[in-house]
Amino acid sequence: FASLGYVDSATPSTLAYSDAGKYVRDAKRNPAVSALITTPELASEAEGIAGLIIADKPRDAFYQLHELW
């Protein structure tokens, strides 16, 4: 990934997060999302996304990374 954003980002190579199935599906449909942070429960739904990070609290993990970016 080259940038951080949400699952509807238009920026190529975006790392996004999802803590709900709807947003995993949105990320899978968005070719700009190259990596996703999601929960262990939703990880199987994220098949096909090149980079997958599993976290108990994806939103918190995303914003911790955002603070360092």
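Trainee: Why is Tyr 17 called buried?
Mentor: Buried means under 20% relative accessible area, exposed means over 50%, and partly exposed is in between (1.4 Å probe, protein chains only). Tyr 17 has a relative accessible area of 14%, so Tyr 17 is buried. Before we go on, this is a predicted model, where local features need pLDDT of at least 70, side-chain atom pairs count only at pLDDT 80 or more, and totals for chains, interfaces and linings use all residues. Residues are numbered from 1 along each chain as its sequence is written, and side-chain values use heavy atoms, with hydrogens and water left out.

Trainee: How many aromatic pairs are there in the whole structure?
Mentor: The search finds six aromatic pairs. Rings of Phe, Tyr and Trp (its six-membered ring) pair if their centres lie within 6.5 Å; planes under 30 degrees apart are stacked, over 60 edge-to-face, and the rest tilted.

Trainee: What makes the pair of Tyr 17 and Phe 62 tilted?
Mentor: Their ring centres are 5.1 Å apart and their planes are at 40 degrees, so the pair is tilted. Tyr 17 sits in strand 2 (residues 14-18) and Phe 62 in helix 2 (residues 58-68), 45 residues apart, and the pair thus links distant parts of the chain. Helices (H or I, at least four residues) and strands (E, at least two) are DSSP runs, numbered from the N terminus. With 2% relative accessibility, Phe 62 counts as buried. Ring pairs also join Tyr 6, Tyr 17, Phe 62 and Tyr 63 into a cluster.

Trainee: How do you know that Asp 26 forms a salt bridge with Lys 22?
Mentor: A salt bridge needs a side-chain nitrogen of Lys or Arg within 4 Å of a carboxyl oxygen of Asp or Glu. For Asp 26 and Lys 22, the closest N and O atoms are 2.7 Å apart, and the pair forms a salt bridge. Both residues lie in helix 1 (residues 21-29), four residues apart, about one turn of the helix.

Trainee: Is Asp 26 buried or exposed?
Mentor: Its relative accessibility is 18%, so Asp 26 counts as buried. Lys 22, at 44%, is partly exposed.

Trainee: Which residues are linked with Asp 26 in a network of salt bridges?
Mentor: Lys 22 and Arg 29. The side chains of Arg 29 and Asp 26 meet at 2.5 Å, N to O. Arg 29 has a relative accessible area of 60%, so Arg 29 is exposed.
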